[in-house]
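Work through the exercises below with the model open. Try each task before reading its solution.

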Amino acid sequence: MALNFTLDAHDPETQARAGRIATRHGEVLTPAFMPVGTQAAVKTLTPDELAAAGADILLANTYHLYLRPGVETVRRLGGLHRFMAWPKAILTDSGGFQVLSLAELRKVSDAGVEFRSHLDGSRHLLTPEDAIRVQDGLDTDIAMSFDEPVEMPAEHEIVRRAADRTIAWAARGLAERERLRAEGRGAMALFGINQGGVDAQERGRCFERLAEMAFDGWALGGLWVGEERSLSLDMVEHDCGRFPRSQPRYLMGVGHTVDVLDGVSRGVDMFDCVLPTRNARRGTVFISTGRLVVKNSGYARDERPLDPACDCYTCRRFTRAYVRHLFASGELLAMRLASIHAVHAMIRLARDARQAVLEGRFGAFRAAFVERFRSGETLARPEPEGATPAASRKDPTHDVE
């Protein structure tokens, strides 16, 4: 089998699960956070650093790799694992979200999506079959079905039409994988993506049709794209309540720490998002007590690590003052050190959540984490040069961002 999912434990008070996904390139412990390597690289980080952070699986972007360097180049060079020197599991998205975000550069029809490359303006048509063939050429472990996400808010008819197209494209993509398998290819697992916006009836209708198809896992699509967070969480609970218990569930594009835990509590197994590393490269990281803007002047003499509760390479070796200095000086090392912490923190969060599920205490773990995260302790407001460092004050003010 391309994928085998084992459910190790279920939290007695929530819908949180702990499991493991066996892939062709190793085991993925769940809940799992997948760092995003858009162009076959997690920006500023090496594969060894990602492995040291505990990553079991990375996400790569089909759209970008299709355009550059091209699927045939990757295929000739031994597939994506060899190309990027990553021996563990890889999940590739179908390219649908990226293509559909091109706005005026694309045209959607039942056949697929016609678009102009953001690189050189060249014309392309990406069909559901193409998306499967490209992901097969990349030799991914887990491929995603081609879908049509809709930015919220949207009229009901637009949401319904996109769900219908997603269903039709899912069937075509699955048929293409079976065709490839008949030729001795198509070894990757394939996840179906449920759509329907924040309309529970539409999401239920979409999954009812998708459930008739032989997918290896399920993704929750079209969420965290402009709608109210409470509606997003309602839809997560709605979808997970219908997905098969015996298959993995993947919430796409979610990477805030509290959102991840709320997803886990509703039965989600896998997450990905560019948010932690993108913010890190700009000088903002999630720590156990909130959102740390390390570029703030209040950290100019702060001798503490980014997060005193973290054991990543950055937090073991460097002070907030030093990392702030690197950002202020425009040194590339600043982005690397912040990114190392960002990836480590998200993976550690998922592993701690897993352990809490195994021990039957996830509800208490989530409550304690959220309370501490929202406390703002150890954070400081920007302060003028020459002021007493926040680390030395008995009653430090808190960053309220």
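Predicted model: local features only at pLDDT ≥ 70, side-chain atom pairs only at ≥ 80, totals over all residues.

**Exercise 1. Overall size**

Task: Decide how the radius of gyration of the protein relates to that of a compact globule.

Solution: 
- Start with the chain length: the protein has 401 residues.
- For that length, a compact globule would have a radius of gyration near 21 Å.
- The protein has 21 Å, so the value agrees with the globule rule.

**Exercise 2. Fold, contacts and surface**

Task: Describe the make-up of the protein, from its helices and strands to its accessible surface.

Solution: 
- Count the elements: 15 helices and 17 strands.
- Turn to burial. Of the 401 residues, 56% are buried.
- Residues 24 or more positions apart supply 66% of them.
- The accessible surface is about 16800 Å², and carbon and sulfur atoms hold 50% of that.
- Finish with charge. There are 52 positive and 55 negative side chains. The centres of these two sets lie 4 Å apart.

**Exercise 3. The setting of D262**

Task: Is D262 buried or exposed, and which residues does D262 touch beyond four places in sequence?

Solution: 
- Locate D262: helix α10, which spans residues 257–265.
- Check its relative accessible area: 5%.
- Buried means under 20%, so D262 is buried.
- List the contacts. Leaving out residues up to four places away in sequence, D262 touches R229, L233 and R366.

Conventions:
Residues numbered from 1 in each chain as written. Heavy atoms only, no water. Helix = DSSP H or I, 4+ residues; strand = E, 2+ residues; numbered from the N terminus. Buried < 20%, exposed > 50% of the residue type's maximum accessible area, 1.4 Å probe, protein only. Contact = heavy atoms within 4.5 Å. Rg over C-alpha atoms; globule rule 2.2 N^0.38 Å. Areas by Shrake-Rupley, 256 points an atom, 1.4 Å probe, with all protein chains shown as cover. Lys, Arg positive; Asp, Glu negative; His and termini not counted. Charge placed at Lys NZ, Arg CZ, Asp CG, Glu CD.
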